[in-house]
Amino acid sequence: MPTAIAVTSADLVLPAPDRHTPGAALLHPPEQHDLEAALAGTSALLERHGHVVALVPPWLPRPTVQRLHTVRAILETDRIALLDIDLPPLGTALLARQLRQLSVCDFSPGVIASAARLLSHYIFAGALLGSVAKLDRVRVPVGLGAHARSWSPSAQFAVLAHPTPHLAKLGSAGGGSRGRGGRSGRGGSHGASHGSHAGSHGSHGAAADLPAGPDFATHLTFARGQLTSDWVAAELAPAWQVQGVLENPLPAASAAWWGTPKLVEFAAGIPDLSVLYQLVASVRREQCRWCGLELIGDRCGFCAAPLTAPPPSEAVPASTGRSRP
């Protein structure tokens, strides 16, 4: 059986892109399952799949995170990877789907777990917002002018939170500028450029430019909150030259993450399994010096040990033995 990819909420499970992609395992929060049920469910997952890779974004409620660590500690297993992935809710769901796609490939559990950090760099996550008054806490800089304009009932803002923060005020109808901040022209029938890239302005001089998009082939997933707008599908998707658009229900955590229920969240990522496979396979594999699993990058996804040993000044004294990273 493939490595289990786990999430903590059913609304973080996007539809499978094909019949080969498995579903995600659901690790229920404490208010839904008691500790005994959580232990039994996780044990069954390990017995069936061998290893579990769980996404643990920082916006999860503290009791949920504590439950995950408690279950792993009680089971005394090193076959559960709890990955700290800092993406918005819909971006997290998209990453989980990519890992589900890779789980059926010939990668070892250690490579799949450490691939999450690599793949997250290729996810473009943002939202169309009706207010940015509470946006500062998600590390997107908001100026005083944008804060002031948030009080306008018709205000709408295009925000990219990852990989590079970007905020722009759109027109009152959410149309904004038609200046293109999209791809550089790779990817089949979408190879033609649609104009200028990020940092340039469109024909509406007073309107803001669109967020810079990926320069590789992507699909765009979006989810509507309490904001009525077709901007994501009608403006952003063509500007980014995405190869497909999918609407999905809004994750429950999205309104709190973005600071407002008046939003349309979106996330773009690589949809093609062959491209994902090539991306991961092209990275040199190493062996974790602590648990022995394969990994890519600079840190093991299962035991969190860095690829290289710490400097001598940080090494554990020989008399106390070696402590786990």
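In these exercises, a residue is buried under 20% relative accessible area, exposed over 50% and partly exposed in between, with a 1.4 Å probe and protein chains only. The model is predicted, so local features need pLDDT of at least 70 and side-chain atom pairs count only at pLDDT 80 or more, while totals for chains, interfaces and linings use all residues. Residues are numbered from 1 along each chain as its sequence is written, and side-chain values use heavy atoms, with hydrogens and water left out. Helices (H or I, at least four residues) and strands (E, at least two) are DSSP runs, numbered from the N terminus.

**Exercise 1. Positive phi values**

Task: Determine whether Ala 304 is buried, exposed or partly exposed.

Solution. Step 1: Ala 304 is located in the segment after strand S12 (294-295). Step 2: its phi is near 70°, a positive value in a residue other than glycine. Step 3: the relative accessibility of Ala 304 is 34%, and therefore this residue counts as partly exposed.

Solution. Step 1: Gln 241 is not a glycine, yet its phi is positive, at about 55°. Step 2: with a relative accessible area of 3%, Gln 241 is buried.

**Exercise 2. The surroundings of Thr 3**

Task: State which residues Thr 3 contacts, leaving aside its neighbours within four places in sequence.

Solution. Step 1: Thr 3 is placed in the segment before strand S1 (4-7). Step 2: Thr 3 counts as buried because its relative accessibility is 8%. Step 3: contact means heavy atoms within 4.5 Å. With the sequence neighbours set aside, the contacts of Thr 3 are His 49, His 51, Val 53, Ser 103, Pro 109 and Ile 112.

**Exercise 3. Two helices in contact**

Task: Describe how the axes of H4 and H8 are arranged.

Solution. Step 1: axes are lines fitted to C-alpha atoms, for helices over the stretch in contact, and angles run from 0 to 180 degrees between N-to-C directions. Step 2: the axes of helix H4 (residues 109-120) and helix H8 (residues 273-281) come within 10 Å and cross at roughly 100°. Step 3: angles under 35 degrees count as roughly parallel, over 145 as roughly antiparallel, 65 to 115 as roughly perpendicular and the rest as oblique. H4 and H8 are therefore roughly perpendicular to each other.

Task: Identify the side chains of H8 that are buried, and where they lie around the axis.

Solution. Step 1: Leu 276, Leu 279 and Val 280 are buried in H8. Step 2: these residues cover an arc of only 90° around the axis, which puts them on the same side of H8; the arc is that of the directions from the helix axis to the C-beta atoms. Step 3: the buried residues of H8 pack against helix H3 (89-102) and H4.
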